[in-house]
Amino acid sequence: DFMKKIKIHSILSNSDNETTIVDEEVMFDEVNNVITYMEDDLKVSISIFETFVKMRRCNEDYDLNLEFDLNEDKVCKYSVKSIGLDLDLLVRTKELEIDDNRIYIKYELFNDQKSIGEFEYKLIIREW
């Protein structure tokens, strides 16, 4: 079994100062370096690589895949299942720190060259 329980504290905030906090025991896939947890009705997966991070947020209504890389803007997929809409979002990573027990990402999302907001994401691993 390559799944391990770890304790995390995650904070996601947007430019409207809306903040979502998750503080719980979650699953960590040691082979693929993926942390998976529930945030309300959303399933969140964080894939951690040496120089970039991928985040997937999905529920019955939508599926959002983001990739954070300091060196380049990434085009990512946002799919709204309820109305069958697929959007390409541009992810601009402004800050990215990947440590052993902490990830910090500051990013901005764009749709059709227009900013749809700035976000900050912190993930602290409290107990391996």
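**View 1. F68, a buried ring.** F68 is buried, with a relative accessible area of 0%. Here, buried means under 20% relative accessible area, exposed over 50%, and partly exposed in between, using a 1.4 Å probe and protein chains only. Y107 counts as buried too, at 3% relative accessibility. Keep in mind that this is a predicted model, where local features need pLDDT of at least 70 and side-chain atom pairs count only at pLDDT 80 or more, while totals for chains, interfaces and linings use all residues. Residues are numbered from 1 along each chain as its sequence is written, and side-chain values use heavy atoms, leaving out hydrogens and water.

**View 2. Aromatic pairs.** Rings of Phe, Tyr and Trp (its six-membered ring) pair if their centres lie within 6.5 Å; planes under 30 degrees apart are stacked, over 60 edge-to-face, and the rest tilted. The count by this rule is 4 aromatic pairs. One of them joins F49 and F52, which are stacked with 4.4 Å from centre to centre and 15 degrees between the planes. F49 itself is partly exposed, at 34% relative accessible area.

**View 3. F68 meets Y107.** These two ring centres are 4.5 Å apart with planes at 55 degrees, so the pair is tilted. Because F68 sits in strand β6 (residues 62-69) and Y107 in strand β9 (residues 102-111), the pair ties together parts that are 39 residues apart in sequence. Strands are DSSP runs (E, at least two residues), numbered from the N terminus. Ring pairs also link F68, Y107 and F119 into a cluster.

How values were computed:
Helices (H or I, at least four residues) and strands (E, at least two) are DSSP runs, numbered from the N terminus.
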